[in-house]
Amino acid sequence: MKRLVRVAFLLVALGFGAWVVARQWEEILAGFARLSWRALALSLVAVVAALGGGMMTWRALLADLGSPLPFRPAARVFFVGQLGKYIPGSLWPVLAQMEMGRELGVPRSRSAAAFFLTLPVQLGSGLVISGVTLLAALPGSAARYAWAFLLIPVLAVAFEPKVINAVLGFGLRKLRREPLERPLTRGGVLTALGWALLGWTAYGLHLAAIIHEFGPSGASMVLFSIGVFALSWCLGIMTFVVPAGAGVREAAMVAVLAPVLDRGSAIAVALCSRIVIIIGDLVCAGAAGLSARRAVDPQRDPDPGKAV
């Protein structure tokens with residue numbers, strides 16, 4: 001029964017992912033026609049690295065809460081669960097991660113806490129790195145979205161472990177759930193933030209590889225790409241009513257790219273970026289699923305030293 005539910009979840013997620021692609025198929029083909037295989041390969045490698053940074057962010061938070069998972073099982077739970085972001089609604093990824101995590105001995109409440117903590121960590125780190133890189137590369141390019149940076153002080157306060165633990169405790173009491181066995185620590189938050197910043201950097205390199213095919217290049221363009229991607233992704237994270245922020249991120253990316261690209265090229269870049277990320281999601285989920293099948297369940301392995 002569990003296998004049937006998991007297969008159904010994957011089919012639905014893939015179906016919505018295909019729908020996102022099919023809606024703008026002609027524009028996507030036109031954009032990819034301008035990309036070289038080298039640029040596409042570099043972009044995909046950078047996306048896989050960025051997705052890995054996201055997984056490590058979540059894994060660091062989960063470990064700090066008391067459930068350290070070996071790399072391969074953690075990757076399977078995270079990447080397969082993340083396919084749920086293509087289904088309308090914001091709860092599918094966390095529900096999938098809760099169920100798969102439970103099979104590895106992770107309490108559902110702990111999985112949910114790690115998932116919901118990952119979002120503000122990514123949002124806060126993304127706003128910080130976008131503000132710094134856009135200011136350094138091209139001042140004024142993000143003026144239209146200056147309101148978003150007002151969240152940084154709020155998130156800075158929220159990153160204080162005492163605040164986070166109090167909020168988590170309140171939420172669990174309201175849901176009539178048992179409190180978390182281990183509170184979040186400052187070291188765990190900083191580790192997660194470090195992985196998130198590395199992830200944003202890799203995403204920027206992915207976008208820079210695509211933009212290079214449309215003309216602009218150089219060190220300043222790499223910085224600009226990091227800022228453009230982080231800011232547009234953060235705006236997508238703020239929109240929970242569409243699959244994976246579909247449309248919101250692309251619209252913001254086109255607007256922020258306006259100083260360096262014409263509108264047609266900016267749209268092509270945004271669409272190519274989205275498709276490469278969808279391919280990256282599928283690659284990571286498939287690779288993690290195949291790899292985890294060979295790994296021994298750490299909860300059943302009599303020799304924990306064998307788990308990797």
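Figure 1. Residue numbers start from 1 along each chain as its sequence is written, and side-chain values rest on heavy atoms, with hydrogens and water left out. Because the model is predicted, local features need a pLDDT of at least 70 and side-chain atom pairs count only at pLDDT 80 or more, whereas totals for chains, interfaces and linings use all residues.

**Figure 2. Two aromatic pairs.** Eight aromatic pairs are found when the whole structure is searched (rings of Phe, Tyr and Trp, the last by its six-membered ring, pair if their centres lie within 6.5 Å; planes under 30 degrees apart count as stacked, over 60 as edge-to-face and the rest as tilted). One of them joins Phe 115 and Phe 116, whose ring centres lie 5.1 Å apart with planes at 85°, so that this pair is edge-to-face. Phe 115 is buried, at a relative accessible area of 9%, whereas Phe 116, at 41%, is partly exposed. In the pair of Tyr 203 and Phe 229, the centres are 4.6 Å apart and the planes stand at 10°, so the rings are stacked. This pair links distant parts of the chain, since Tyr 203 belongs to helix H9 (residues 186–212) and Phe 229 to helix H10 (residues 219–237), 26 residues apart. Helices (H or I, at least four residues) and strands (E, at least two) are DSSP runs, numbered from the N terminus.

**Figure 3. Surroundings of Arg 110.** Arg 110 lies in helix H6, which covers residues 108–137, and this arginine is buried, with a relative accessible area of 8%. Leaving aside neighbours within four places in sequence, Arg 110 is in contact with Leu 62, Leu 65, Gly 66, Ser 67, Leu 180 and Glu 181, where contact means heavy atoms within 4.5 Å. Met 98 stands 12 residues from Arg 110 along the chain, and the C-alpha atoms of these two residues are separated by 8.3 Å.

**Figure 4. Phe 79 and the largest nonpolar core.** The largest nonpolar core holds 80 residues, and those with the most contacts inside it are Phe 79, Leu 231 and Leu 257 (such a core is a set of buried Ala, Val, Leu, Ile, Met, Phe, Trp, Tyr and Cys residues joined through side-chain atoms within 4.5 Å). Helix H10 gives the most to this core, namely 11 residues. When residues up to four places away in sequence are not counted, Phe 79 touches Leu 51, Gly 52, Met 55, Cys 284, Ala 285 and Ala 288.

**Figure 5. Residues 296–308.** Over residues 296–308 the pLDDT stays under 50, and the model has 15 contacts for them beyond four places in sequence; pLDDT is the predictor's confidence in each residue, from 0 to 100. Where pLDDT is low, the predicted coordinates should not be read in detail. The chain averages a pLDDT of 81, and 80% of the residues score at least 70.

Definitions and conventions: Buried means under 20% relative accessible area, exposed over 50%, partly exposed in between (1.4 Å probe, protein chains only).
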